[in-house]
Amino acid sequence: MEVHLINWIIISLCAGCLALEVKPVTDPVISKVGDNVQLEIKPPGVLAAVIWSFSPANILVVSWVGFNPVIAPEYVNRVTLNTATGSVELRSVSLSDAGVYAFQGLIEVSGNAENINGKVTLNVYEAISNVNVKPSLAQPIAIQALKLTCEVLGSQTVSSRLWLKDGQPLSTSDRITLSVDKSTVSFNPVLQSDNGEYQCKASNPVSEETSAVYRLEVNYGPEQASLTGPDQAVLNSSVTFTCSAQSLPPCNHTWYFNGTETAQGSQYKIASVSNADRGSYTCVAWNSVTGRNTSAVKEFTVTEAHNIQYTDPKQQREETIVNTPKSQTGPMQTRGFPHYKQTLNPQ
């Protein structure tokens, strides 16, 4: 009844005249879910009547025509009308409250009645929470493609994302690129130089949140294996061969003697050298994550010690002469090991 009365008053008091458009104090109004908002207007005269409706369905919110304001049932206890200015307070807003609020009313200016109208847009956002960085691979491997995705759980609206590496904005390149909405960073390929702490900062007009740190460690290797130890040794002496290769995670090692698997571990020890120990020693270094391997080979010879007695008193002495067959010496060699099967138990 009162709505029709207001419309009748507005039409009858200023029939045939144009309504004065009143700009809201703030437009659009930005709010977070659960907050209270002010749809504020300042008419250029004394307010006589006003009605607010929610567009586009033209749902009545509140009306006033000099008596107590009439609030629509769905807005009871949530709306307060300022009868001096026509402004409205809307409390505990939800996503469904977002939209356009239109008003029209009657003011008195210098004894004359004038129609007013206008509208305010209300945008409501959820506060951002639960931001996480998710890798496309649980164990990134060097020289392979990798993607990091900035995930925001739930239905929150995300206006922008910022990627950080070690606390600083991430630098992009031909190799490191961002998706259009910046939700994903792609490494094509990922390298050891990309190691570091990555975070994603997601934001919208009412909030921002930074993810927990994702620590990127790029698995690689093994690089070229190195086999250290003597090329020859005297009978009954002890010998230690050591195999090493740069790798992440640390690589496993398997030893072959003349082509037959004989030991596991980064070191191979012979407590007492015998002639049976002559031959080819191969160390295969392998990485269970990257699936790669590399090998190094050493040819090993065994020598005998001889004591020689000098009868000349001036030259009498005892010397140890080591006889090394030329055919059994040679430099250390390194080569690939294509026939190695990665079914060995790691060290």
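What follows is a conversation about strands, cores and one serine. The model is predicted, so local features need pLDDT of at least 70, side-chain atom pairs count only at pLDDT 80 or more, and totals for chains, interfaces and linings use all residues. Residues are numbered from 1 along each chain as its sequence is written, and side-chain values use heavy atoms, with hydrogens and water left out.

Student: How many strands are there in the chain?

Tutor: Let's settle the term: helices (H or I, at least four residues) and strands (E, at least two) are DSSP runs, numbered from the N terminus. By that count the chain has one helix, and its strands number 29.

Student: What percentage of the residues count as buried?

Tutor: Buried means under 20% relative accessible area, exposed over 50%, and partly exposed in between (1.4 Å probe, protein chains only). Of the 347 residues in the chain, the buried share is 38%.

Student: Which residues have the most contacts inside the largest nonpolar core?

Tutor: A nonpolar core is a set of buried Ala, Val, Leu, Ile, Met, Phe, Trp, Tyr and Cys residues joined through side-chain atoms within 4.5 Å. In soluble globular proteins, nonpolar side chains tend to be buried together. The largest core here has 26 residues, and those with the most contacts inside it are Trp52, Val61, Tyr75, Leu90 and Tyr101.

Student: Which strands each supply at least two residues of this core?

Tutor: Here is the list, with residue ranges for several of them. The strands are β3, β4 (46-55), β5 (59-64), β7, β8, β9 (99-109) and β10 (112-125).

Student: In what order do the strands of the open sheet with β3, β8 and β7 run?

Tutor: Two strands pair if DSSP finds at least two bridges between them. β3 (37-39) and β7 (79-81) are the edge strands, each pairing on one side only. β3 joins β8 (residues 88-90) through three bridges in the antiparallel sense. The pairing in this three-stranded sheet is antiparallel, and the order is β3-β8-β7.

Student: Which residue in β8 is the bridge partner of Val37?

Tutor: Look for a β8 residue that is in contact (heavy atoms within 4.5 Å) with Asp35, Asn36 and Val37, among others. The bridge partner of Val37 is Leu90.

Student: Why is one side of β20 and of β25 left without a neighbour in the sheet?

Tutor: Their open sheet has the order β20-β22-β25, with antiparallel pairing. β20 (226-228) and β25 (267-270) stand at its edges, so one side of each lacks a neighbour because each has a single partner strand.

Student: Which residue in β22 stands opposite Thr228?

Tutor: β20 and β22 (residues 239-244) run antiparallel and are joined by three bridges. Opposite Thr228 stands Thr242.

Student: Which residue takes a positive phi in the hairpin of β13 and β14?

Tutor: β13 and β14 (residues 168-169) run antiparallel and share two bridges, with Leu164 partnered by Pro169. Two residues lie between the strands, and the one with a positive phi, near 55°, is Asp166.

Student: Is Ser203 buried or exposed, and which side chain makes a polar contact with its side chain?

Tutor: Ser203 lies in β17 and is buried, since its relative accessible area is 14%. A polar contact is a pair of N or O atoms within 3.5 Å; within protein, one must be able to donate a hydrogen and the other to accept it, and residues adjacent in sequence count only if both atoms are side-chain atoms. At 2.6 Å, the partner side chain is that of Ser160.

Technical notes: Lists of a residue's contacts leave out its neighbours within four places in sequence.
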